[in-house]
Amino acid sequence: MKILILGGGPAGLYCGLLIKKAHPAHDITIIERNASNVTYGWGVVFSDRTLGSFQRADYPTYEQISDQFVIWDAIDVKYRGEVIHSGGHVIASISRKLLLHILQARCRQLGISMKFGCEVQDLPQPGEYDLLIAADGINSVVRKTYTSIFKPKLELGKARYIWLGAQKVLDAFTFIFRENEHGLFQVHAYPFSGTTSTFIIECDETSWLNAGLDKASEAESLAYCEQLLADDLAGVRLLSNNSKWIHFPTLKTRTWHHQRIVLLGDAAHTAHFSIGSGTKLAMEDAIALASALEQHADLETALNEYELERKPVVELFQQAAQESQHYFETIKRHLGLPPMQFAFHLLTRSGRISYDDLRLRDARFGDAVDRWYAHQASISITGISAPPTIVAPAPLFAPLRLRATTLPNRVVLSRNAEHIPVQDGMPTEEYASHITILAQNGAGLLLTVPVAISSTGRITPECAGLYHPDHVAAWSRIVTSVHTSTLAKIGLLLNHAGRRGSTRPRTAGLDRPLRQGNWSLVAPSPLPYTPQSQVPCPLERSDMDNIRDDFVRAARMAQEADFDLLQLHFAHGYLLASFLSPLSNQRRDEYGGSLEHRVRFPLEVFDAVRAIWPEHKPLSVALTVSDYVKGGLDPDDAVAIARILKEHGCDLIEVLAGQTTSDSEPAYGRGFLTPLSNRVRNEAAIPTLVGGFLTTSNEINTILAAGRADLCIFEPL
Amino acid sequence: MNIGVGLPTGIPGANGQLVIEWARRADAGSFSSLGVIDRILYDSYEPLTALAAAAAVTQRVRLATTIIIAPLRNTTLLAKTASSIDALSAGRLVLGLAIGARRDDYAAAGIDYRSRGKHLTEQLSTLRTLWEDESFGPRAARLGGPPLLIGGLSDQGFARVARYADGYVHGGGPPRAFARAADKARAAWRDAGRPGKPLLWAQGYFALGTTAIESGYGYMKNYYAFTGPFAEKIAAGLLTTPQAIAQFIRGYKEAGCDELVLFPTVPDITQLEQLAAVLNELDI
């Protein structure tokens, strides 16, 4: 078999030698555009798992590579004058130049023909090979020749970065964050030989322009970075290798092979450098391709097998890389976090590493996180900065103070799964006992399901309400029972269903109008919720007065019943939420149009309730943070609303999303609301409560320690 | 977790007698349900017709479509057929619906492929309305019609489960793939404020006995040939030993599956007997 490999990088060389090893009779040629001793970049990183696969694939090169490796287990985060140290990660790296050298030598030993300094302009003719392996990198000539088949999608990152080196010994993967008059710069630095380290410096476009780096020569760029990192470099010079400030290109291709041509490594896919996987993925591709060729005599089957095996793996890495890239591109959101939390947030950015993982890798770091979290909680409760305690519980056991109310821990139980019908809004004995039983489970806060402020504000005729004096007595018994039998606090969620009212209980689906006995619905605009729904009457100002007063009356009743926390429902397409979204609010008066107008009535209700709700008790809002529909409310709007609510005395935002319209399609899954909570909490600087199907304490501890929320709804399986 | 068995209606060469005898014996044995799958341009039975026949010769087993491609069918007729089977079987129908992924079936039925998701959404809301209409009969055993399951892996699919259905039916694959999908269904369900839990159904393929294994693989590669290279991967999931079946069942059970339907790949009644023997041995 005659095999032509374009590209003499790690992927091409490694693939060539693995195939040759299995099939010494194959005629293999590697064509490389650069000379044999030229290379770009500095060090490349591998995980211990990748090293294991090298060991199985080719022992001689594994031995040489591992002899030359720098292996370390720590990640340091340098931020605002502190260094946060986390261990147990096991990362290895090697100079790219050395890696190529080892692989080239092995290729030569196995009898592979290598042509260096050989630029390929036009593809070789199909007659010249039985298999063409395109390992020619991100700018692959082969891929570009068959664009319509491989269907590449190239997306440029928003940030600028430059890849530099330094004669500097590092003992950890080091993230450095530096703020100066031009903006924020972050550095990803790691050692790759006994004396040298890689320094990747990254910043947003604005900082880059402010610093004049668009006009800077190579030497000027180096000088700027050296000054920026003066403290970290301690006099050591940065080295450039024809390095430039570029945007990271993420490449995805639809298929990886076509007839007798196959793409390998960067020619097929790239993943943002911040998860350090480019060379690793490329070399793993090489292993998979060589092994598929060994197992299947039929070329088409082998190439299929290779693609089927590698594509899902690569896509997972690309997803993690994308999240990591997005994290660094939006790092400014998190600059308000204290160093420990900032570091924890950074380490858990891609969702692949959790609180338990970090604790397992480095128990001391885990303890430090717990102590830090408990200390913050204690300061916020006592107002006194006593020294941190040695003994500290996991984050979910830290108390939280909201006004004068202290929740004993960060776990919320809510949204009881049982359907317990009630009549005329009146909580029954069964309903009450359900809540009291729920309260026995150790949560810090119990939250009710939506409770109607009026009989016409109910979602279904079987919903509980708080609009009649008898209701007060029933709720009061529930609250007393929770208070006397547990340490938990109890919160009430007040709601007016708006255009989602007058529907059947949700046992057989959502938003199905009653078969009989419908009441008329109100909404900001006469738009039915589903095609089968009743058309609601647009609210007149006098109706709005009444609804506001109903909320106020219900809030007074909630105080009478002695609830600890009150929550107003601004989400899921109910009445107040339907004012906020342009999809459901098409009014032309002062309550529709701009965000400022749309928020006016919900805010009026909030203010009226805040005015009579006791000063020492917290008031929360359950807020839609995204409609998940084009043209709807988006997280930027929600952050703006959260800021306004905070100014008006809101103490907590529960983050919800979707259901503004019946066709919203959230990407459901565990923790699907967490990124939205992260935005609201860190951009509007307000405590948040988040659910979104969190089923383990590990997920909750990860969210809390990273500062993505302050309270979590626990929904164990 | 309940274990059901698929009817051999999707396997080329399965004759009518075999299908009926299969249904009868499964009902006499310990299986909890009989499943059928759907395909038009293939040597396979129309699934609802097959279930109607099975209804006549069975007393006990649930009759489940896992799944049928709803948009290919006229909605009113689908409602009528489903409520008829439900009435004929004294409420044993479980109706699993999805949009499928085969363009050729859509083309053959003269239905637009691209709008199939929206089409299904409209159908789901119409089905319930028809079943609840007092002048529309026969009445399904349960007010509001037979249990509805929805299949598929898209975000829209899970939103539909929570909005319209009683549960989710998984298309196949290893237990961990099911576990991820089940989490999405549960997350959607809770977010929608639905009481209780979504029903979770799933399926797998088996071939038992040395002579059957090869034809089992052959059938799967052929049936899934429309997925291109993935047919190999899907076929690799074929359960061919009692050990594989035991592990598969355990995996699904741990992931919270309510009912797992094992489909045959060889049109031979001894496959049913062998599966029953394996389950008996496993004390399932």
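In this predicted model, 25 residues of chain B are in contact with 24 residues of chain A, contact meaning that the C-beta atoms of two residues, placed from the backbone, lie within 7 Å. The helices of chain B that each supply at least two residues of the side touching chain A are tabulated below; helices (H or I, at least four residues) and strands (E, at least two) are DSSP runs, numbered from the N terminus.

| Helix of chain B | Residues |
|---|---|
| α5 | 116–132 |
| α6 | 155–164 |
| α7 | 175–191 |
| α9 | 230–236 |

The largest share of this side, seven residues, comes from α7(B). That helix has 17 residues and reaches 24 Å from its first C-alpha to its last, close to the 24 Å expected at 1.5 Å a residue, where the expected span is 1.5 Å times one less than the number of residues. Because 13 of its 17 residues are buried, α7(B) is largely enclosed by the rest of the structure; a buried residue has 20 or more other C-beta atoms within 10 Å of its own, with C-beta atoms placed from the backbone. B:G193, with a positive phi near 75 degrees, follows α7(B).

In chain A, eight strands form a closed barrel with parallel pairing, in the order β21-β22-β23-β26-β27-β28-β29-β30. Two strands pair if DSSP finds at least two bridges between them. Strands β23 (residues 489–495) and β26 (residues 565–570) of chain A run parallel and are joined by four bridges. In this pair, A:G491 stands opposite A:L565 of β26(A).

Residues are numbered from 1 along each chain as its sequence is written. Chains are lettered from A in the order in which they are written, and local features need pLDDT of at least 70, while side-chain atom pairs count only at pLDDT 80 or more and totals for chains, interfaces and linings use all residues.

Key
A residue is buried if 20 or more other C-beta atoms lie within 10 Å of its own, exposed if 12 or fewer, and partly exposed in between; C-beta atoms are placed from the backbone.
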